[in-house]
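Trainee: I'd like to learn how to read a few features off a model. Can we go through one together?

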Amino acid sequence: MNRNFSSEAVILSLSPLGENNTLVTMLTKERGIYKACLYGGPKSKLRSLCAPFNYGTIFIYENTEKNQNKISDFDVKNFHMSFSQNLFKTYAANLACEIAIKTECGGDNRLFWPLIISFLDGMELSTEMQSRAGLLRFLWRFIKNSGLMPQLENCSSCENTVSKNQLSYYNVNENSFMCSDCAEGHGSQHLLPVKYQGLMYLWACANLDPQKARNYPLDEEAFNQIRVIIYEMTKLTCSARLNTLEIGMGIL
(Lines give C-alpha, C1' and ligand atoms only; values in the text may rest on other atoms or scores of the structure.)
Protein backbone atom coordinates (compact mmCIF):
# COMPACT_ATOMS: atom_id res chain seq x y z
CA MET A 1 0.00 0.00 0.00
CA ASN A 2 1.33 3.43 -0.96
CA ARG A 3 1.53 5.52 2.19
CA ASN A 4 2.65 8.70 0.44
CA PHE A 5 0.35 11.21 -1.18
CA SER A 6 0.54 14.83 -2.27
CA SER A 7 -2.06 17.51 -2.69
CA GLU A 8 -2.50 21.22 -3.23
CA ALA A 9 -2.95 22.73 0.22
CA VAL A 10 -3.14 25.95 2.19
CA ILE A 11 -2.00 26.06 5.82
CA LEU A 12 -4.84 27.13 8.13
CA SER A 13 -3.38 26.92 11.65
CA LEU A 14 -0.53 25.57 13.76
CA SER A 15 -0.70 24.07 17.26
CA PRO A 16 2.19 22.95 19.52
CA LEU A 17 2.64 19.19 19.72
CA GLY A 18 5.06 18.24 22.45
CA GLU A 19 8.27 20.19 22.93
CA ASN A 20 9.50 20.59 19.35
CA ASN A 21 6.73 19.37 17.06
CA THR A 22 3.69 21.01 15.53
CA LEU A 23 0.20 19.88 14.55
CA VAL A 24 -0.65 21.46 11.20
CA THR A 25 -4.26 21.97 10.16
CA MET A 26 -4.57 22.55 6.45
CA LEU A 27 -7.14 22.63 3.69
CA THR A 28 -6.32 20.22 0.88
CA LYS A 29 -7.97 20.27 -2.51
CA GLU A 30 -8.62 16.52 -2.54
CA ARG A 31 -9.37 15.71 1.11
CA GLY A 32 -10.70 18.92 2.60
CA ILE A 33 -9.64 19.73 6.18
CA TYR A 34 -6.62 17.60 7.04
CA LYS A 35 -4.25 17.39 10.02
CA ALA A 36 -0.67 16.18 10.01
CA CYS A 37 2.38 16.31 12.27
CA LEU A 38 5.37 18.49 11.49
CA TYR A 39 8.51 17.24 13.20
CA GLY A 40 11.43 19.48 14.03
CA GLY A 41 12.35 22.49 16.14
CA PRO A 42 12.16 26.20 15.28
CA LYS A 43 15.29 26.02 13.07
CA SER A 44 13.75 23.41 10.78
CA LYS A 45 13.49 24.59 7.16
CA LEU A 46 10.27 22.64 6.68
CA ARG A 47 8.78 24.32 9.72
CA SER A 48 9.47 27.74 8.22
CA LEU A 49 7.69 26.67 5.04
CA CYS A 50 4.59 25.42 6.86
CA ALA A 51 3.46 28.87 7.99
CA PRO A 52 -0.17 29.99 8.11
CA PHE A 53 -1.67 31.07 4.77
CA ASN A 54 1.14 29.52 2.69
CA TYR A 55 -0.18 27.72 -0.38
CA GLY A 56 1.43 25.02 -2.50
CA THR A 57 1.86 21.28 -2.90
CA ILE A 58 2.22 19.34 0.35
CA PHE A 59 3.68 15.83 0.66
CA ILE A 60 2.33 13.53 3.37
CA TYR A 61 3.41 10.16 4.74
CA GLU A 62 0.51 8.25 6.30
CA ASN A 63 1.14 5.52 8.86
CA THR A 64 -2.25 3.86 9.17
CA GLU A 65 -1.03 1.36 11.75
CA LYS A 66 -0.07 4.11 14.20
CA ASN A 67 -2.77 6.49 12.96
CA GLN A 68 -0.15 9.14 12.24
CA ASN A 69 0.22 11.58 9.37
CA LYS A 70 3.60 13.22 8.81
CA ILE A 71 4.52 16.15 6.57
CA SER A 72 7.57 15.17 4.54
CA ASP A 73 7.83 18.24 2.27
CA PHE A 74 5.99 21.39 1.20
CA ASP A 75 6.54 23.07 -2.17
CA VAL A 76 5.22 26.57 -1.48
CA LYS A 77 3.80 28.48 -4.45
CA ASN A 78 2.56 31.58 -2.64
CA PHE A 79 3.85 32.84 0.72
CA HIS A 80 1.39 35.77 0.95
CA MET A 81 4.20 37.96 2.29
CA SER A 82 2.11 41.14 2.54
CA PHE A 83 -0.12 39.65 5.23
CA SER A 84 2.56 39.99 7.90
CA GLN A 85 2.93 43.68 7.02
CA ASN A 86 -0.75 44.58 7.30
CA LEU A 87 -2.87 43.95 10.38
CA PHE A 88 -6.17 43.90 8.49
CA LYS A 89 -4.93 41.31 6.00
CA THR A 90 -3.70 39.13 8.87
CA TYR A 91 -7.07 39.23 10.63
CA ALA A 92 -9.02 38.74 7.40
CA ALA A 93 -6.95 35.68 6.45
CA ASN A 94 -7.33 34.28 9.98
CA LEU A 95 -11.09 34.75 9.77
CA ALA A 96 -11.28 32.84 6.48
CA CYS A 97 -9.16 30.02 7.94
CA GLU A 98 -11.21 29.85 11.14
CA ILE A 99 -14.42 29.60 9.10
CA ALA A 100 -12.91 26.75 7.08
CA ILE A 101 -12.00 24.82 10.24
CA LYS A 102 -15.13 25.43 12.29
CA THR A 103 -17.61 24.79 9.48
CA GLU A 104 -15.69 22.06 7.65
CA CYS A 105 -15.68 24.35 4.61
CA GLY A 106 -19.40 24.92 4.91
CA GLY A 107 -19.95 21.24 4.22
CA ASP A 108 -18.64 21.40 0.66
CA ASN A 109 -14.89 21.43 0.10
CA ARG A 110 -15.34 21.61 -3.70
CA LEU A 111 -17.01 25.01 -3.41
CA PHE A 112 -14.89 26.37 -0.58
CA TRP A 113 -11.48 25.52 -2.06
CA PRO A 114 -11.53 27.98 -5.02
CA LEU A 115 -13.24 30.56 -2.81
CA ILE A 116 -10.52 30.75 -0.16
CA ILE A 117 -7.61 30.37 -2.59
CA SER A 118 -8.82 33.20 -4.81
CA PHE A 119 -9.50 35.34 -1.73
CA LEU A 120 -6.02 34.87 -0.23
CA ASP A 121 -4.22 35.27 -3.56
CA GLY A 122 -6.33 38.30 -4.46
CA MET A 123 -5.69 39.97 -1.11
CA GLU A 124 -1.94 39.51 -1.59
CA LEU A 125 -2.15 41.70 -4.70
CA SER A 126 -4.53 44.29 -3.23
CA THR A 127 -4.40 47.38 -1.08
CA GLU A 128 -6.00 47.33 2.35
CA MET A 129 -9.14 49.10 1.09
CA GLN A 130 -9.47 46.64 -1.79
CA SER A 131 -8.94 43.79 0.67
CA ARG A 132 -11.73 45.09 2.91
CA ALA A 133 -14.17 44.86 0.02
CA GLY A 134 -12.68 41.49 -0.96
CA LEU A 135 -13.40 40.11 2.52
CA LEU A 136 -17.06 41.08 2.24
CA ARG A 137 -17.33 39.40 -1.17
CA PHE A 138 -15.65 36.27 0.20
CA LEU A 139 -18.03 36.08 3.17
CA TRP A 140 -21.10 36.76 1.03
CA ARG A 141 -20.19 34.00 -1.42
CA PHE A 142 -19.57 31.66 1.50
CA ILE A 143 -23.05 32.50 2.81
CA LYS A 144 -24.50 31.84 -0.65
CA ASN A 145 -22.71 28.48 -0.96
CA SER A 146 -24.05 27.52 2.49
CA GLY A 147 -27.62 28.03 1.24
CA LEU A 148 -28.46 30.84 3.69
CA MET A 149 -28.48 33.82 1.35
CA PRO A 150 -31.91 35.53 1.58
CA GLN A 151 -33.65 36.98 -1.46
CA LEU A 152 -32.55 40.51 -2.28
CA GLU A 153 -34.91 41.81 -4.97
CA ASN A 154 -38.21 41.44 -3.08
CA CYS A 155 -39.44 42.19 0.42
CA SER A 156 -39.74 38.97 2.41
CA SER A 157 -43.01 40.17 3.96
CA CYS A 158 -45.10 41.81 1.22
CA GLU A 159 -43.06 40.36 -1.68
CA ASN A 160 -43.02 43.71 -3.49
CA THR A 161 -39.89 44.70 -5.42
CA VAL A 162 -37.54 46.74 -3.26
CA SER A 163 -37.54 50.46 -3.99
CA LYS A 164 -34.52 52.27 -5.36
CA ASN A 165 -35.50 55.37 -3.39
CA GLN A 166 -36.05 53.85 0.06
CA LEU A 167 -34.01 52.01 2.61
CA SER A 168 -34.46 48.29 2.99
CA TYR A 169 -33.82 46.47 6.27
CA TYR A 170 -32.15 43.21 7.19
CA ASN A 171 -34.06 41.34 9.89
CA VAL A 172 -31.44 39.62 12.05
CA ASN A 173 -33.97 37.30 13.72
CA GLU A 174 -35.51 36.10 10.46
CA ASN A 175 -32.46 36.32 8.14
CA SER A 176 -34.43 38.26 5.57
CA PHE A 177 -34.66 41.65 3.89
CA MET A 178 -37.81 43.75 4.00
CA CYS A 179 -39.01 47.07 2.65
CA SER A 180 -39.39 50.24 4.72
CA ASP A 181 -43.18 49.91 4.97
CA CYS A 182 -43.07 46.39 6.38
CA ALA A 183 -40.17 47.24 8.68
CA GLU A 184 -42.26 49.85 10.51
CA GLY A 185 -44.23 47.17 12.32
CA HIS A 186 -41.21 45.23 13.53
CA GLY A 187 -39.44 47.81 15.68
CA SER A 188 -35.80 48.73 15.18
CA GLN A 189 -33.98 46.47 17.64
CA HIS A 190 -33.22 43.65 15.20
CA LEU A 191 -33.34 45.59 11.92
CA LEU A 192 -30.24 46.80 10.07
CA PRO A 193 -30.70 49.44 7.33
CA VAL A 194 -29.21 49.12 3.86
CA LYS A 195 -29.39 51.34 0.79
CA TYR A 196 -30.55 50.00 -2.56
CA GLN A 197 -26.97 50.31 -3.85
CA GLY A 198 -25.82 47.97 -1.07
CA LEU A 199 -28.42 45.37 -2.00
CA MET A 200 -27.43 45.53 -5.64
CA TYR A 201 -23.77 45.12 -4.72
CA LEU A 202 -24.65 41.94 -2.82
CA TRP A 203 -26.65 40.75 -5.81
CA ALA A 204 -23.64 41.41 -8.07
CA CYS A 205 -21.31 39.47 -5.77
CA ALA A 206 -23.63 36.49 -5.88
CA ASN A 207 -24.47 36.51 -9.58
CA LEU A 208 -21.74 38.21 -11.61
CA ASP A 209 -18.22 37.01 -12.32
CA PRO A 210 -15.62 38.28 -9.80
CA GLN A 211 -14.15 40.98 -12.04
CA LYS A 212 -17.53 42.59 -12.75
CA ALA A 213 -18.53 42.33 -9.09
CA ARG A 214 -15.33 44.09 -8.01
CA ASN A 215 -16.14 47.02 -10.28
CA TYR A 216 -19.76 47.35 -9.14
CA PRO A 217 -20.34 50.80 -7.55
CA LEU A 218 -20.47 51.00 -3.75
CA ASP A 219 -20.20 54.21 -1.74
CA GLU A 220 -18.85 54.39 1.82
CA GLU A 221 -22.27 54.49 3.48
CA ALA A 222 -23.52 51.40 1.66
CA PHE A 223 -20.21 49.63 2.31
CA ASN A 224 -20.51 50.15 6.06
CA GLN A 225 -24.14 49.01 6.02
CA ILE A 226 -23.50 45.72 4.24
CA ARG A 227 -20.36 45.16 6.34
CA VAL A 228 -22.46 45.03 9.52
CA ILE A 229 -25.09 42.84 7.84
CA ILE A 230 -22.58 40.38 6.40
CA TYR A 231 -20.81 39.95 9.74
CA GLU A 232 -24.15 39.18 11.42
CA MET A 233 -25.02 36.69 8.70
CA THR A 234 -21.58 35.09 8.93
CA LYS A 235 -22.10 34.38 12.63
CA LEU A 236 -25.51 32.89 11.81
CA THR A 237 -24.11 30.75 9.00
CA CYS A 238 -21.22 29.39 11.05
CA SER A 239 -23.35 28.58 14.12
CA ALA A 240 -20.18 28.85 16.19
CA ARG A 241 -18.23 31.50 18.02
CA LEU A 242 -15.70 33.09 15.68
CA ASN A 243 -12.80 34.23 17.83
CA THR A 244 -11.21 36.23 15.02
CA LEU A 245 -14.41 38.19 14.45
CA GLU A 246 -14.88 38.93 18.16
CA ILE A 247 -11.28 39.82 18.96
CA GLY A 248 -10.56 41.74 15.77
CA MET A 249 -13.92 43.40 15.18
CA GLY A 250 -12.42 46.86 15.55
CA ILE A 251 -9.86 46.02 12.87
CA LEU A 252 -12.14 44.10 10.52
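Trainee: Let's start with serine 126: is it buried, exposed or partly exposed?

Mentor: First, a caution: this is a predicted model, where local features need pLDDT of at least 70, side-chain atom pairs count only at pLDDT 80 or more, and totals for chains, interfaces and linings use all residues. Residues are numbered from 1 along each chain as its sequence is written, and side-chain values use heavy atoms, with hydrogens and water left out. Buried means under 20% relative accessible area, exposed over 50%, and partly exposed in between (1.4 Å probe, protein chains only). Serine 126 has a relative accessible area of 21%, so the label is partly exposed.

Trainee: Where is serine 126 found, and what does serine 126 touch?

Mentor: Helices (H or I, at least four residues) and strands (E, at least two) are DSSP runs, numbered from the N terminus. Serine 126 is in the loop between helix 3 (109-124) and helix 4 (128-145). Leaving out residues up to four places away in sequence, serine 126 touches Lys89 and Ser131, where contact means heavy atoms within 4.5 Å. Serine 82 is 44 residues from serine 126 in sequence, yet the C-alpha to C-alpha distance is 9.3 Å.

Trainee: Now sheets. Which order do the strands of the open three-stranded sheet have?

Mentor: Strands of a sheet pair through backbone hydrogen bonds, either parallel or antiparallel. Here, two strands pair if DSSP finds at least two bridges between them. The open sheet has the order 7-6-8, with antiparallel pairing. Strand 7 (176-179) and strand 8 (191-194) are at the edges with a single partner strand each, so one side of each has no neighbour in the sheet. Strand 6 (residues 168-171) is joined to strand 7 by four bridges, and tyrosine 169 has methionine 178 as its bridge partner in strand 7.

Trainee: How many disulfides does the count come to?

Mentor: A disulfide is a covalent bond between the sulfur atoms of two cysteines. The rule is a pair of cysteine sulfur atoms within 2.5 Å, and the count comes to zero.
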